[in-house]
Structure formats: structure tokens, C-alpha cells
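This briefing is meant for a reader who is meeting the structure for the first time. Please keep the sequence and the 3D view open while reading, and take the topics in the order given.

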Amino acid sequence: MTRSVLIFANCQGEELRTTARYLTCLTGVTDFKWIASHKVTDADWAMRYGPDFMADVAVVWEQVESGQESAHRAALHRGLPKDVQIIRFPPFSALCLWPFSGNDPRQATDPTRYPWPDSIAAVLATEDLPDNAMFERYLEITAQRMPDLERRLRFDLARWRATDAIADIKVADWVERNFRAKRLFYTAGHVTAEPTRFLLNQLLSRTAFIDGALAARAALEIEVLLRYHAGQDFECVPLHPLVAERLALQFHDPNRLYRWHGHEWTLRQYILRYIRWAPYLD
Amino acid sequence: MEAAFVFGHVGNLGGALISGWSVEEGYAWAVGKESLLSLPLPGHDGGLTLRLAVHPLIYPGVRPFQRLILSAGDEEIGSFTLTKRGPIDVPLPPHLTRGRRDILLTLRHPDAIRPCDAGDSRDTRELAICFHSGGLLGSTGPGGAAIVSGDLCTGIMAGGADVASLVDIVNKLPSARGRVEVSFIDTRRPLDSGSREDARRARFCWIQSNMGLGGVRDSLRGALAPDCLVRDFAIPTARALWPFLGPMPGTDTRAIPEPGRYAPARYRYPDRIAAGFAAYNLTDDVVALLYENAVREQMPDLDALLAADIAEWRMLDQRNTLGIGGFASNQFTSERLFLAPMVPGPALLREIAKRLVASPPIVEALDPAVAAVEIDALMEGFGGRREELPVHPSVAAHFNLAWWSADLRYRWHGSRRTGTEYIMDYIRWAPWRP
């Protein structure tokens, strides 16, 4: 029976699984399964993730979370075979990429159209202004109300270190070292290929039944698979120029286009569409 | 929505939170037993509903719910028992809002609790409910746009993946809301009961003639009501953007299915010249140079290839109700009509969408000029299917393609590569992931 690696994580786990499944050096060695920790239901544990599903699991890559153990995490631990190896890793997240973690009353009835709420854009939604004036107004208000981003970054760092403390793999130092030079985040919780590359190499090198030589071969294949890959870019919130300036983000390009489902928009195009809650294509 | 409110320091209710509030960056807590809110109003005579996104402070076993009672003056206008985060709607009595620019609301929350008394928090504030955002809904409905009463024009567009995109475009046009509703039927697989039901109710049916299974298209025609208006259209394909061809078995022997990873093949558009360098054990720059030389030496008559494409487009025009071949011929060099031999680009889809909505019976429900403007707006920045093949510099130069540039990056599912990167990956048969 093939030994499986079970990934218990949010959508970042799906990135790990998809990349890992394309590693030809692991064909026949292991399979990769993913339980979406943010979507799993009580019924799933009974119907989908019962003993048959768990029978071949030899290793668990478990994404940790701070706070009390959730009911689903407890259900995972109850269902695992004995003697399974568990490797804990932290989630990647960044709340300092203001202003896309605010509030918007339109989300109450339409939560998925623009799921990264921008409070400033929301309050402009009922203004009747032409495009140029609207965008100017947005830039003006965001400049006035921008919070202390260094403080937010310190909160992020504190959170990264808090989840590092309960994980086997540490990411805080790596993120802190790299996030100004390279884009690591598209949204507060969606990542480029860089974090996936870093994490997958770490996880494979700690997986007991994968020896050093195999992990090294896998690392080369990961490099090939991800060298041109954009990561979780299906929803990219744009980078506000003042955020880039205040956080000294060296990768910021004011002319950059940001993917939003089937589109690629500038900051201005995204913001105007967000304010007007405009439909888009997948 | 007639007005949008965001609580907290970054929001727009700073002066309206009169008393009983603890304001944070992105939200405000109602504190104590009562809070006062001076809510801005639009000043017209229409009916209004206040929608609030709130989050009660709950401690299971200690404080399982929070009550919220709203009143204006002596009149109670809403009462809720909140157990989880979500929106609440409070209809505002017209006699209290008519012609006014604000209304003073009293919010009573008798179940406020100090976190330090209920858990391990050191927070001594008496908190009840967290207010995130709010809005005023007018009488036009929750989406803010008027719903048009009357006859809904329902129809079908049937074909492959690109027809699904056309359906998405039509259904998302603001002017189509409440007037036109189109369902997609995939003719690459047998009709299911839902598709048959859609077919039975359809007033019109557009069928892509050059995609899908003929038997399924025939079944669909048979399932339509007798008075359903049936029309055909074709989405052109192109072979002029050599050396990438459509699926051609045998062109590259490496092109076989890899179960669980690639179907029908790792690279589904064979390049005969690139395949010839597969066994070359040389550095990338040398192989790239050899490939370039081979392309120049073996370049076919590109004008003849384009002429063959145009002849085929004309033939499709003759066989179908909707003609797009003339547009494709005229715009071939100025707009990116094809992302790959079998994949239409956004410019081609946009034109097809405009012609569909300008045709009966949709044209009777929508103003085609308005719809065309909406299509342009909806498709701004749209890239189409994420399957793009590079265009060789010699081919781009030969056709003088206005949209082409040497630094273009081409999307292939999750990846973006330059033309040279794509070719080298093809020659090396490099794996990729979606």
C-alpha cells in the first residue's frame, strides 16, 4: 500500500498538494491528500475522512493555528492511525497590506464578489463622481486615514512568531527577511509561489520516509515546477503606493497589473470596480 | 444601496457615534447598556431599511446571546436576539425619515458583559455588540438597481468552454438584469435532465456548430419548444500562427497522456521543429539559437496559411446564422484574436458577444448600444482562457501584428513565460503544474 501524506491546512495546503503531486520522483513513493481546514464540516469526518481515508496516512503535515484546538483539529487527531508522523507548520498571513481587511456593508448580501473588504472604498460607494474624481478622492482619504503600518507589521511579526512557537517549521524569520524584496502575498492569506517553494522543501526534508537523496531530487523538481509559477494569483489585491512606501516594499511597481479572476487590472481599475461593485468574468 | 457606513476610525461615522461606543480602527463596540447613533439620511421621501453588520459578544454557557433593541424617540423600530455574526435589517418608519438628513437612534443592549468577568481577558470594558458596517437600502431592492418587471427573455447558448464565457458575459451585463437570462449547455457531454428542462423553457437557442458532439446538438434541437428561435454560430480557429498547430497525433511522440497529471499531453500543441531538438544535450542558449535558425529555414508560406484560415472562416460564415469571419479577417493583425490555435482571444469573444446581444430576440429586450458599452466595460482587462501560446518573432514581424511585443509573457494555467522560456520548456519537455 502506498503511504500517503495528509495535509491539514487552509488553501495554502492545496498549493502544497498540487505541487507535490507533480513531482515525478515521488510517483509510486507517496500520494498527497488534503483536508481543507477552513471548509471541512462535521459530516465530512463521518462521510469522507473516515478510517478508509486515513488507513494509508503515514505522515501528517498539519498547519497550526494559535488559540484553542478547534473541533475539526480534534477530529483529525482522533481519526489518525497510530504512530503517524506529524510535522507542524505555520500559515502564511499578512494583515499589514492595508486597506483590504476592513468592512463593507455590501458583503452582507454579496460576500464573494469582492471578498477583501476595503472600508474606504465602501464609504465612497454611494458617491456620484466620475472615474478620475472618484479615484483621486480614494487616494486622498486613504492617505488621511492610513493607520500606523509599522505597528501592523509588528502585529504580523508577533503572530508569525506565535505560530512558529507551536510549529516544527519556522517561517517568521524567512518572511521577515524576504517580504520587502519579493512579493510573498497577494492577499492577507493567499501567497505567491515563493512561500510554497520554501515550505514544501522544508516539509519534504522532514518527512521520515523520504531520504535525503530523494528530498534533494524533489527540491530540483520543485524549482522547475515553480520557477515561472505565479502561485495563488486568482485574486490579487493591488498594492497601495503609500503602503509600499511606508513598508519599503522594493518589489512595488506602480504600473503593475493585478490579476482578478479572468482580468488583469491596474490599482486604479481595481479600486474603481470595487467602489462600484462591478461584475467581472472568471 | 443609498448610503454606506463603516464603523471605526477608518470609517465615516466618527461624529455620528454620540455616546456608548468604544471605537477601534475598523469597528466600534457598543458599550454599557445603551448607545446613541445619529444616523445620516439621504433626505428624500422614499422608504429606507437600515442594514447593519454586527457581531455579538458571546460566551457559551455564560452569555449565549446579546439582545439589541433599536428605537427612534419613543418608537421601537427593531428588536433582535443575536447569537452570531451577521447582518440585521431594520426598516425605518417613513414618517421618521421623510425629508430628513439624520435620525437619532437609541440602541439598547442589556446583555453587555465585561470580558474580564467571563474569560481570561483583562478587558474591563462592558461590551455588548461589535458594529462593523451598515447601509441604507432604498425601495429598489438589495442590489440597488431596479428590477424590471415583465417578460424575462430566457435562452440557451450551447457549445464548449468559450460559449460558457459568452454566457457569463451576457448574464453579467447590468442592462440584462431582470430582462435576459441565458443558460449554458455543454455539447461535449450528453444532455442531463436539467439541460432538457432549460431547453424546454428557452425562447432562443444559440448553438456553436464547430464544437461538441453532433448527436448532442441534435438532441438539444429535439428538446427545444417548437417556437424557440434557433441559430448557429461558430468560433473561428487559426493555424496561421505557426509553428504551433492544433492537436495532431504523431507530431511529437512525447505527447502522450500522463494519468493524474497531463491530458491529453504535457504540451498539447505540438511544435515539430522544437520536438526535433529534444535529444540535443546542449546548453539552453545554444539550443535556442539552433531552434531560431531552424524556424527561419523551415518557415512555410505564412500568407498561404492565413489565406486558408480566412477561407475556412468564410465557409463557417456561410454555414451559420452569425458571421464573424469578416471581423476576424479585418482585425487579425490589429487585435489579438487567438491565444492558441483553438482558443479565441478576448477581442474575438467580445465581438461575438456584441453580435449575439444585437440579434433577435435579445435585441428586443436590450438596447444593443448600451449592451455594447457594458460589454466593453465588463471585459476591460479580461485575458480569456489561461492557455496562451507564444507567437514567434518572425511570424509577428511577417504579419506585422500590432499587439505583439518581444517582452510579452504568455500564460499557461498558473505559469507565465516568455516565448523563449516556453520553447525551451517544450524542447526539454519540462513538467509544469496548474
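In this predicted model, the cover over the buried residues of α10(A) includes α1 and α9 (193-206) of chain A. The buried residues concerned are A218(A), I222(A), L225(A) and L226(A). Seen down the axis of α10(A), these buried residues fall within an arc of 70 degrees, so they line one face of the helix.

**Helix α10 of chain A**

- On the face of α10(A) that is turned away from its buried side, the exposed residues are A213(A), L220(A) and E223(A).

**Contact between the chains**

- The contact draws 33 residues from chain A and 41 residues from chain B.
- On the side of chain A that touches chain B, at least two residues each come from α1 (11-21), α5 (119-124), α10 (212-226) and β6 (263-265) of chain A.
- The element that gives the most to this side of chain A is α5(A), with four residues.
- Sorted by class, the side of chain A that touches chain B holds 16 nonpolar, twelve polar and five charged residues.

**Domains**

- Chain A is assigned domain 1 (3-94 + 151-226) and domain 2 (105-145 + 252-276), and the centres of these two domains of chain A, taken over C-alpha atoms, are separated by 32 Å.
- Chain B is divided into domain 1 (3-137), domain 2 (153-233 + 346-378) and domain 3 (237-339 + 385-434), with 46 Å between the C-alpha centres of domain 1 of chain B and domain 2 of chain B.

**A pair of strands in chain B**

- Strand β12 (residues 153-159) of chain B is mostly covered, since five of its seven residues are buried.
- The pairing of β12(B) with strand β13 (residues 180-186) of chain B runs in the parallel sense and extends over seven bridges; within it, M157(B) has F184(B) of β13(B) as its bridge partner.
- As a general point, the side chains of a regular strand alternate between the two faces of the sheet.

**Cis peptide bonds in chain B**

- The peptide bond from W242(B) to P243(B) is cis, with omega near 5 degrees, and P243(B) is found in the loop between β15 (229-233) and α6 (272-275) of chain B.
- The peptide bond from P360(B) to P361(B) is also cis, with omega near -5 degrees, and P361(B) has its place in the loop between α10 (346-357) and α11 (362-365) of chain B.

- D83(A) is a residue other than glycine with a positive phi, near 65 degrees, and it sits in the loop between α4 (71-79) and β4 (85-89) of chain A.
- Because a residue counts as exposed with 12 or fewer other C-beta atoms within 10 Å, D83(A), which has 6 of them within 10 Å, is exposed.
- N400(B) is not a glycine either, yet its phi is positive at about 55 degrees, and N400(B) lies in the loop between α13 (393-399) and β18 (410-412) of chain B.
- With 9 C-beta neighbours inside 10 Å, N400(B) likewise counts as exposed.

Terms used:
Residues numbered from 1 in each chain as written. Chains lettered and ligands numbered in written order. Predicted model: local features only at pLDDT ≥ 70, side-chain atom pairs only at ≥ 80, totals over all residues. Domains from an automatic or database assignment. Contact = placed C-beta atoms within 7 Å. Nonpolar A, V, L, I, M, F, W, Y, C, P; charged D, E, K, R; others polar. Buried ≥ 20, exposed ≤ 12 C-beta atoms within 10 Å, placed from the backbone. Arc of directions from axis to C-beta. Pairing = 2+ DSSP bridges.
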